[in-house]
There are 2 protein chains.
Amino acid sequence: MSPDVINIAKLSDGGSSEHQIQHRIDVLKKWNLLPGSKILEIGCGQGDFTLVAAYMVGDQGHVTAIDPAPLDYGAPMTLGQAQDKLKQGQIGDRMTFYQSNLQEFLDSSASEQVYDYAIFVHSVWYLPSADALQPMLAALHGRTKHLLIAEYSLDICGDIAALPHLLAAISQAEFNSRSNALDQDDNIQSIISPQIICALAQKAGWELQKEEVVESAEGQEDARWEVHRVLSEAYSLRSESTGDAARQGFANALIDAVAQSARVLGPSPKLRTLPTWLGKWV
Amino acid sequence: MSPDVINIAKLSDGGSSEHQIQHRIDVLKKWNLLPGSKILEIGCGQGDFTLVAAYMVGDQGHVTAIDPAPLDYGAPMTLGQAQDKLKQGQIGDRMTFYQSNLQEFLDSSASEQVYDYAIFVHSVWYLPSADALQPMLAALHGRTKHLLIAEYSLDICGDIAALPHLLAAISQAEFNSRSNALDQDDNIQSIISPQIICALAQKAGWELQKEEVVESAEGQEDARWEVHRVLSEAYSLRSESTGDAARQGFANALIDAVAQSARVLGPSPKLRTLPTWLGKWV
């Protein structure tokens, strides 16, 4: 384990696993942010990435982290509790959290006029659809020097141990693409492909500088979490409670496909988290 | 190539490729039908399987093949033309074709009281949903000694060259699970998993005897056909013409996933057709 992971794990004090920290370091190292950077993070949730970014930009840098979710959302710790804990930590003064959507925040006096980087890390799939991303990318144009997006790739890159995660993502996105059935507890509300993100960014006036892919960190838990969710009894019941017969049959077949793709990996399958795609725009 | 394939290819006279014939022989060999059997084939289409089954059951056997589709459906040959050609061939007297749905056929004087085998070969995914299969399995109970179903598995069995076919199947089924958007030209109307088929058969009073999996025959074209269809311009346009933003975004991401899964296989990818799952009930 690298010294950075050990240091950040101490600062996190149990908030993030070492695998999650490692993954976020891997993403940030690809982007190679300058120390002292001013970052706007969109969709920060409990602040897992916020902490890693605050560590990496050093004591002259700052991360402004926004999320529209209610502060009492989340378990066992709520969003508000998790963010407060980070603020009270050793590098807490490098982070500021706001409960806000992007447009309202940019319009407020709390926002800088121009950030060095606006960053989405695994927050794009939490949007209800690509249509929700488009106005955000447009609003950011002129308000940040660089736009950085990290989200799962829909490509297992030849590793069948990542197939259960891919199919679990498709299953959750299928459920949440039903207009009458949004479940905010799903980590995946929509699957938005790199191609679609690039098309939206271009439409919003951004110029693509670089695309990269980061393999998931060894032991990264996301695949296990999402597959476990899809294979839970509550998930099947939820699926049966909405939609017509054809939709329900389709949803059930996807659940079976997730189960089968995990089963073929053996009795205690080592599920691999999908690779993460990175885009960088100016 | 086996003598059987060569013989059937001659009888088919260009109607089926050798790969398609090989696949159907592989399926029938697993089922090990007795010569002289009386078969009821449900969803025969152009008769690709009908011919192979008629060959395999010998001159004392017979295949009664039904399909509700209009006889002028299909290109370049219509269903009616393809079936007529088989009837006029050397073993044409071993086959009888009826344009009928199952219940109407069983109620008609044309039907035997009891068949040796009722067979679905790659016709289950052409049904609009699992709900359409249930009454068929119930109607067959008592009218056939054995029920045999062959349909694609949702399991790529560790071969990533089959992933594009799996994702293309999911994409087509997603489109056709929209109540307002059935496209009868899709070979895949719904994905119905082995688990769902088994549950429906049990509910209809059938006792499962055996489950098996047959790998696709080398060169079997189905993967290429379905992937090509999903990646065609017409398919994208069709997807964009229906549904709300979230559904459309989901459909577009699935198309991108199909494209990416094929792209990683190289510039001229050898796409593998999904394995076929076989169920046998008494």
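Predicted model: local features only at pLDDT ≥ 70, side-chain atom pairs only at ≥ 80, totals over all residues.

Visitor: Which residues of helix H1 of chain B are buried?
Guide: In H1 (residues 3-12), they are B:Val5, B:Ile8, B:Ala9, B:Leu11 and B:Ser12. Down the axis of H1(B), the buried residues fall within an arc of 160 degrees, so they line one face of the helix. The arc is taken from the directions from the helix axis to the C-beta atoms. Buried means under 20% relative accessible area, exposed over 50%, and partly exposed in between (1.4 Å probe, protein chains only).

Visitor: And what does the face turned away carry?
Guide: The exposed residues B:Pro3 and B:Lys10.

Visitor: What do the buried residues of H1(B) pack against?
Guide: Helix H2 (18-31), helix H3 (48-56) and helix H4 (79-88) of chain B. Contact means heavy atoms within 4.5 Å.

Visitor: Switching to rings: how many aromatic pairs are there over all chains?
Guide: The count comes to six. Rings of Phe, Tyr and Trp (its six-membered ring) pair if their centres lie within 6.5 Å; planes under 30 degrees apart count as stacked, over 60 as edge-to-face and the rest as tilted. One of them is A:Trp277 with A:Trp281, edge-to-face at 6.0 Å centre to centre and 65 degrees between the planes.

Visitor: Are those two Trp, A:Trp277 and A:Trp281, buried or exposed?
Guide: Both A:Trp277 and A:Trp281 are buried.

Visitor: Why is the pair of B:Tyr98 and B:Phe105 tilted?
Guide: Because the planes are at 45 degrees, with the ring centres 5.0 Å apart. B:Tyr98 is partly exposed at 31% relative accessible area, while B:Phe105 is buried at 2%.

Visitor: Last one: how is chain B laid on chain A?
Guide: By a turn of 180 degrees and a shift of 0.0 Å along the axis, with an RMSD of 0.0 Å. That is the relation of a two-fold axis. Copies are superposed by least squares on the C-alpha atoms of residues with pLDDT of at least 70 in both.

Technical notes: Residues numbered from 1 in each chain as written. Chains lettered and ligands numbered in written order. Heavy atoms only, no water. Helix = DSSP H or I, 4+ residues; strand = E, 2+ residues; numbered from the N terminus.
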